[in-house]
Amino acid sequence: MKEIVLQNKKHGMLVLIGTILLLLVAVAGAIYGGIVIGENGEGDPTIFIISMLVLCLGWIPLLGLRVLKPQEALVLTLFGKYIGTIKGDGFFAVNPFCASVNPAATTELNQSGDVKKAPALATVAGAKVAPTVDKRLSLKIMTLNNNRQKINDCLGNPVEIGIAVTWRIVDTAKAVFNVDNYKEYLSLQCDTALRNIVRIYPYDVAPGVDTTGDGMADDGSLRGSSEIVAARIRDEIGERVAEAGIEVIEARITYLAYATEIAAVMLQRQQASAIIDARKMIVDGAVGMVEMALERLAENGTVQLDEERKAAMVSNLLVVLCGNRDAQPVVNSGSLY
């Protein structure tokens with residue numbers, strides 16, 4: 001299905017004024033014809049008949065009047081056949097027998113991510129009546145903030161992730177006729193693409209994991225490569241919804257965390273890893289400081305230490321530098337031997 005944009009339809013005001021004038025003339029003609037027939041009894045009823053026909057049928061062109069705001073469109077069909085789309089702001093006049101089509105008119109994509117439909121019936125004065133449905137399509141940039149999904153990463157760890165997708169309609173004919181409901185279709189494809197991409201990555205950097213598909217292990221992860229992951233999600237969603245006339249502008253990760261059932265365990269793992277890294281850094285620094293102290297003492301000849309005294313000094317310095325508490329000095333007035 002290819003979009004057809006209808007041109008030269010912005011003469012709704014002219015049609016409105018012309019129709020009103022025609023109806024006023026028909027009213028005057030009906031009054032005049034009725035007076036002529038009433039006075040003569042045998043007058044020509046042509047003017048009266050024509051005027052009544054105009055009054056009965058002259059309002060039909062008013063059914064073809066359409067008003068659109070900026071960044072709105074209306075898809076029109078004539079007896080089931082797609083005839084075109086009107087776009088842009090203005091007062092339009094189209095074939096009065098045309099029908100507007102928008103299968104997603106009653107579907108709302110909330111900012112919370114839920115896809116829901118408006119109630120089919122509304123209550124007015126205690127009676128159930130069908131609500132007025134706006135069939136216009138919005139061409140503005142819109143946001144879909146889908147619900148958080150629980151997905152297993154490439155290591156099998158369950159993670160919760162949510163994304164926000166900005167999108168817009170670029171082909172109204174495809175959006176209306178190629179899919180049943182383009183809003184529900186977009187939401188479903190966002191969930192599917194998110195699952196396909198997340199299961200490629202680990203939550204955090206893990207050894208031996210190939211996230212790019214080149215056969216080489218890399219450092220890709222959901223937490224550390226969020227920009228790359230978001231770009232891949234955007235591209236996959238864009239490929240899936242292109243047939244529905246939708247362009248995906250951007251996709252962003254809005255929430256990322258381990259699932260509640262393993263969050264506590266993974267937090268302990270991260271804390272243990274951080275403690276090990278910190279201890280390693282402290283030990284490396286302490287050994288360097290001890291080596292520097294021994295070298296300085298040997299260069300300056302401040303004191304002559306044998307191997308046993310060096311070992312005792314190294315032990316004391318490491319205890320002082322690597323300990324969690326302040327050192328408690330002990331004054332030794334005797335000898336080490």
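Modeller: In this predicted model, a pocket is an open set of grid points with protein on both sides within 12 Å along at least five of seven lines. The second largest pocket holds about 260 Å³ of space.

Biologist: Which residues lie closest to the centre of the second largest pocket?

Modeller: Asp204, Val205, Tyr258, Arg269 and Gln270 are the closest to the centre, out of 14 residues that line the pocket. Helix H6, residues 260-300, gives the largest share of the lining, with 4 residues.

Biologist: Why is the pair of aspartate 204 and arginine 223 called a salt bridge?

Modeller: The definition asks for a side-chain nitrogen of Lys or Arg within 4 Å of a carboxyl oxygen of Asp or Glu. The closest N and O atoms of aspartate 204 and arginine 223 are 2.5 Å apart, so the pair qualifies. Both residues lie in the loop between helix H4 (182-198) and helix H5 (226-241), so the pair ties together parts that are 19 residues apart in sequence.

Biologist: Why is aspartate 204 called partly exposed?

Modeller: Buried means under 20% relative accessible area and exposed means over 50%. Aspartate 204 has 24% relative accessibility, which falls between these limits, and therefore counts as partly exposed. Arginine 223, with a relative accessible area of 48%, is partly exposed as well.

Biologist: What makes arginine 252 and glutamate 227 a salt bridge?

Modeller: Their N to O distance is 2.6 Å, and the cut-off is 4 Å, so the pair is a salt bridge. Arginine 252 belongs to strand E14 (residues 246-258) and glutamate 227 to helix H5, so that the pair links distant parts of the chain, 25 residues apart. At 37% relative accessibility, arginine 252 counts as partly exposed.

Biologist: How do you know that aspartate 235 and arginine 234 form a salt bridge?

Modeller: The closest N and O atoms of aspartate 235 and arginine 234 are 3.3 Å apart, and this is within 4 Å, so the pair meets the definition. Aspartate 235 is partly exposed at 40%, and arginine 234 is partly exposed at 31%.

Biologist: How many salt bridges are found in the whole structure?

Modeller: The search finds 9. Glu72, Asp134 and Arg136 are linked in a network of salt bridges.

Technical notes: Residues numbered from 1 in each chain as written. Predicted model: local features only at pLDDT ≥ 70, side-chain atom pairs only at ≥ 80, totals over all residues. Heavy atoms only, no water. 1 Å grid on protein atoms, 1.4 Å probe; cavity = no way out; pocket = protein on both sides within 12 Å on 5 of 7 lines; lining within 4 Å. Points joined across faces, edges and corners; volume = space filled by probe spheres on them. Helix = DSSP H or I, 4+ residues; strand = E, 2+ residues; numbered from the N terminus. Buried < 20%, exposed > 50% of the residue type's maximum accessible area, 1.4 Å probe, protein only.
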